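Dear colleague,

Please find below the structure that I am handing over to you, together with its sequence. My notes on what was found in it follow directly after.

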Amino acid sequence: MRVIPKVDDEKDIKNKFLNELSNDLSRLLDPETASFVDVHLKCGSVAIPAHKSILSMRSPVFSAMFSSEMEETRQNEVNITDVDVPVLRMMLKYVYTGKVENLTVSSAGDLLYAADKYQLKGLKTRCSDYLKSTVSIENVLGILSLGDLLDPDLKMFAMDFICEKCDEFPDLERTEEWKNLQKEKVPLAFEVLTSLVKSKGK
């Protein structure tokens with residue numbers, strides 16, 4: 001008599017195989033175990049081995065780059081100038097394995113920028129969700145600025161948080177983040193004030 005696996009057992013088996021696949025693919029990023037490398041991502045003095053097929057499958061930006069006659073295609077080298085090496089490694093880890101590890105508020109913001117630039121929707125969602133889970137009065141204005149630049153949903157979340165959690169505006173006004181916002185993003189600071197006034201008037 002054949003034993004039918006339980007649903008939980010099937011999930012465990014599936015997760016085990018997916019984890020094995022993810023771990024195998026992560027070895028393609030290790031210079032010591034990488035094979036069939038056909039492009040290097042150069043970031044400063046670091047050159048990370050990679051694979052055009054995987055990058056193209058996961059990112060429309062890389063796909064367009066490698067499908068054209070751009071210099072990167074001919075030289076098999078892509079210069080990454082506006083992302084730091086640790087962030088680039090985290091992005092590639094996600095591209096190859098679907099995993100995002102060791103996020104902090106700072107790295108999530110940088111990774112959100114990279115995800116937006118290379119059109120990695122899943123990674124962008126992961127970063128936004130992480131930032132939402134760590135929001136506080138102390139960091140909400142930084143998250144608001146990121147949302148204003150990169151993710152309307154994250155911006156709306158931060159604005160709602162300010163309106164709901166900021167009982168006394170002077171608490172927010174005294175922060176360095178608010179002073180910087182007033183100097184660097186006057187329209188956004190005005191939008192915060194307008195939203196606060198409207199929310200208190202309800």
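Helix H5 covers residues 85–97, which makes 13 residues. From its first C-alpha to its last it reaches 18 Å, close to the 18 Å expected at 1.5 Å a residue; the expected span is 1.5 Å times one less than the number of residues. Helices here are DSSP runs of H or I with at least four residues, strands are runs of E with at least two, and both are numbered from the N terminus.

Please note that this is a predicted model, in which local features need pLDDT of at least 70 and side-chain atom pairs count only at pLDDT 80 or more, while totals for chains, interfaces and linings use all residues. Residues are numbered from 1 along each chain as its sequence is written, and side-chain values use heavy atoms, with hydrogens and water left out.

Several residues of H5 are buried, among them Val 87, Leu 88, Met 90, Met 91 and Leu 92. Towards the end of the residue list, Tyr 94, Val 95, Tyr 96 and Thr 97 are buried as well. The classes rest on relative accessible area: buried is under 20%, exposed is over 50%, and partly exposed lies in between (1.4 Å probe, protein chains only). Just after H5, Gly 98 adopts a positive phi of about 80°.

H5 also contributes to the largest pocket, where it supplies the largest share of the lining, four residues. The lining comprises Leu 29, Asp 30, Ile 48, Arg 89, Met 90, Leu 92, Lys 93, Lys 99, Val 100, Glu 101 and Asn 102. About 180 Å³ of space lies in this pocket. On a 1 Å grid over the protein atoms alone, a pocket is an open set of points where a 1.4 Å probe fits, with protein on both sides within 12 Å along at least five of seven lines, and lining residues have an atom within 4 Å of a point. Grid points are joined across faces, edges and corners, and the volume is the space filled by probe spheres set on the points.

Tyr 94 of H5 has a charged neighbour: Arg 58 lies over the face of its ring, at 5.0 Å from the ring centre. The criterion is that NZ of Lys or CZ of Arg be within 6 Å of the ring centre and within 35 degrees of the ring normal.

Turning to ring pairs, the count comes to two aromatic pairs. Rings of Phe, Tyr and Trp (its six-membered ring) pair if their centres lie within 6.5 Å; planes under 30 degrees apart count as stacked, over 60 as edge-to-face and the rest as tilted. Because Phe 62 and Phe 66 are four residues apart in helix H3 (residues 60–67), about one helical turn separates them. Phe 62 is buried at 1% relative accessibility, and Phe 66 is buried at 12%. Phe 62 also stacks with Tyr 118, with ring centres 4.8 Å apart and planes at 10°. This pair links distant parts of the chain, 56 residues apart: Phe 62 is in H3, whereas Tyr 118 is in the loop between helix H6 (105–117) and helix H7 (121–133). Tyr 118 is buried, as is Phe 62.

Asn 102 has a positive phi of about 55°; it is found in the loop between H5 and H6 and is exposed, with a relative accessible area of 71%. Gln 119 has a positive phi near 55°; it is found in the loop between H6 and H7 and is partly exposed at 44%. As background, most residues other than glycine have a negative phi.

Finally, the cysteines. The structure holds zero disulfides, a disulfide being a pair of cysteine sulfur atoms within 2.5 Å. The sulfur of Cys 43 is 17 Å from the closest cysteine sulfur, in Cys 127, and is therefore too far for a bond. Cys 43 is buried at 7% relative accessibility, and Cys 163 is buried at 16%.

With kind regards
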